[in-house]
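Hello,

Here is the structure I promised to pass on. Have a look at it first, and my notes follow below.

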Amino acid sequence: MQWLEQLDWDKQQGLLPAIVQDADTLQVLMLGYMDRDALRTTRETGRVTFFSRSRQRLWTKGESSGNVLELVSLDVDCDGDTLLVQARPRGPTCHLGRPSCFPDAPADFLAGLDRLVARRERERPPGSYTTSLFESGTRRIAQKVGEEGVETALAAVAQDGQALAGEGADLLYHLLVLLHARGLSLADVEAVLRERHRG
């Protein structure tokens with residue numbers, strides 16, 4: 001890890017601020033500090049680890065609560081003195097039980113909904129409409145997407161903007177369910193769009 005030594009460790013007495021961002025929703029989750037050992041441990045274990053200034057030791061997020069941060073990527077700012085950590089949280093990040101330590105930090109709602117649909121697909125909680133869709137099978141979900149597509153098109157030509165927005169919301173939700181029923185996600189669709197945009 002030669003690049004580790006190229007970071008500006010001297011500016012803050014061997015510590016670098018580490019901004020943690022949800023890899024899916026892009027919501028800022030928290031700010032911590034890493035020393036060389038914390039950064040090395042994070043890279044080696046895949047669990048985001050900090051240097052606790054109050055305890056004066058390494059601290060892996062979630063070591064007592066179980067709400068770990070699973071590393072997705074690390075980036076360094078242009079001055080080499082701040083880290084951007086993208087991670088997937090397993091449970092709330094904030095000790096107050098909130099997703100983020102910043103209560104009003106913006107997030108991509110659609111990505112959050114996609115994550116919720118994925119969780120419903122895995123856990124199948126009883127009484128959930130999403131669960132009932134998954135249990136009805138791919139054909140039925142595809143039929144719902146078709147119905148919602150037609151209703152969206154009709155709203156576009158025959159109803160007001162509010163009706164169109166409502167039908168569009170129904171269409172997007174059912175499309176997310178269909179994607180997960182086929183083992184895909186919103187990220188797969190975004191990847192296709194990104195590739196088309198480059199072309």
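**What I found**

The axes of helix H3 (residues 129-136) and helix H4 (residues 138-158) come within 5 Å and cross at roughly 120°. Axes here are lines fitted to C-alpha atoms, for helices over the stretch in contact, with angles from 0 to 180 degrees between N-to-C directions. H3 and H4 are therefore oblique to each other (under 35 degrees is roughly parallel, over 145 roughly antiparallel, 65 to 115 roughly perpendicular, and the rest oblique). Tyr 129, Leu 133, Phe 134 and Ser 136 of H3 make the contact with Arg 140, Ile 141 and Lys 144 of H4 (heavy atoms within 4.5 Å).

This is a predicted model: local features need pLDDT of at least 70, side-chain atom pairs count only at pLDDT 80 or more, and totals for chains, interfaces and linings use all residues. Residues are numbered from 1 along each chain as its sequence is written, and side-chain values use heavy atoms, leaving out hydrogens and water.

There is also an open sheet of four strands, in the order E2-E1-E6-E5 with mixed pairing (two strands pair if DSSP finds at least two bridges between them). Helices (H or I, at least four residues) and strands (E, at least two) are DSSP runs, numbered from the N terminus. Strand E2 (28-34) and strand E5 (69-76) are at the edges with a single partner strand each, so one side of each has no neighbour in the sheet. Strand E1 (residues 16-22) runs antiparallel to E2, joined by six bridges, and Ile 19 stands opposite Leu 31 in E2.

Happy browsing!
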